[in-house]
Amino acid sequence: MENALFFHYKTQKTFLHSLNPVLKIFLIVVLAVAAFYLPVKICIVLYPVLILFSAVFLKFRFSEIISDQKPTFAYIFLLYFATILLNFSSFLQEDFYEPYKIFVPNLTYLPLLAHLAISLEITSIFYRTTSHSQFKDGFSRIEMLITRKDTAPLSDMLALALSFIPRISTFWSRLNKAWLSRGGKQSIFKVIYLFPKLFQVSMHEGYEKSLAIQNRS
C-alpha cells in the first residue's frame, strides 16, 4: 500500500492531525533543527520513544514505521560505505594493517547519525499527520501575515515542494515493481537503470503540477 511509503500522509483523528497548520510548520522547522543540538545519549534514548509514540498515540502501522526509517538506513549505509573506502585507503598506504579493520565502522560518525535519525523521525511524524491542504493553508497564513496582503501566491509552490518528497517515494515504488515484474534483479544495475527514469517521471509530475497551479491563479 502506498500509505506505507515513507513520509506519506496518514488519515487519522489524533491531536497532531488536528493541530493548527501554522504551528505544525513552525514545529517541523524548530524541532528538526533542534535535534542536531541534543546530546548523543539523549538521541539514542529518544529515538525508540518517538517510534513508540507514533505507534501508540498516532496509530502508525508497523509497515509505516519501518518505511519511515528508510532515509535513516540509507544514511547509515552511505556513511559506512565511506568508512570502508577510507579504511581501504589507509590499508594501501600503511606497511602493516589488519585487513579485518577495513570493515570496522568509524564511531566518529555516530553523533551525526544519531542527530539525523531524530531529525528525520520528527519530520516523518509531521509529514504523516499533515495533509497537502494543511501545508497550503499554513503557508498561506504565514505568507499573508508577512506580506500583509489578502493573497498568498507562494503558498501553492511551498506546499508542492514539501508534498513532492513522498511523491518521489511513490514513483520509485512503482518503477521498482515494474522492474521486478519484468524479471529484473535487485542489484546496482537496477539503480543505474531506474534512476534516470525516476528523474524523468519526477520532472514530468512537477511540470504538470506547476501548470495546474498557474491555471488556478
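A polar contact is a pair of N or O atoms within 3.5 Å; within protein, one must be able to donate a hydrogen and the other to accept it, and residues adjacent in sequence count only if both atoms are side-chain atoms. This is a predicted model, in which local features need pLDDT of at least 70 and side-chain atom pairs count only at pLDDT 80 or more, while totals for chains, interfaces and linings use all residues. Residues are numbered from 1 along each chain as its sequence is written, and side-chain values use heavy atoms, with hydrogens and water left out.

Select Glu 64 and Lys 10, whose side chains are joined by a polar contact of 3.3 Å. Glu 64 belongs to helix H3, residues 62-68 (helices are DSSP runs of H or I, at least four residues, numbered from the N terminus). Glu 64 counts as buried because its relative accessibility is 0% (buried means under 20% relative accessible area, with a 1.4 Å probe and protein chains only).

Next, select helix H5, residues 110-128. Of its 19 residues, 16 are buried.

Now display the largest nonpolar core, which has 20 residues (a nonpolar core is a set of buried Ala, Val, Leu, Ile, Met, Phe, Trp, Tyr and Cys residues joined through side-chain atoms within 4.5 Å). Ile 118, Ile 122, Ile 125 and Phe 135 touch the most other members. Helices H1 (21-34), H2 (40-56), H5 and H6 (132-147) each give two or more residues to this core, and H5 provides the largest share, seven residues.

Finally, select Leu 175, Trp 179, Leu 194 and Leu 198, which are among the five residues of another core, apart from the largest one.

Terms used: The expected span of a helix is 1.5 Å times one less than its number of residues. Buried means under 20% relative accessible area, exposed over 50%, partly exposed in between (1.4 Å probe, protein chains only).
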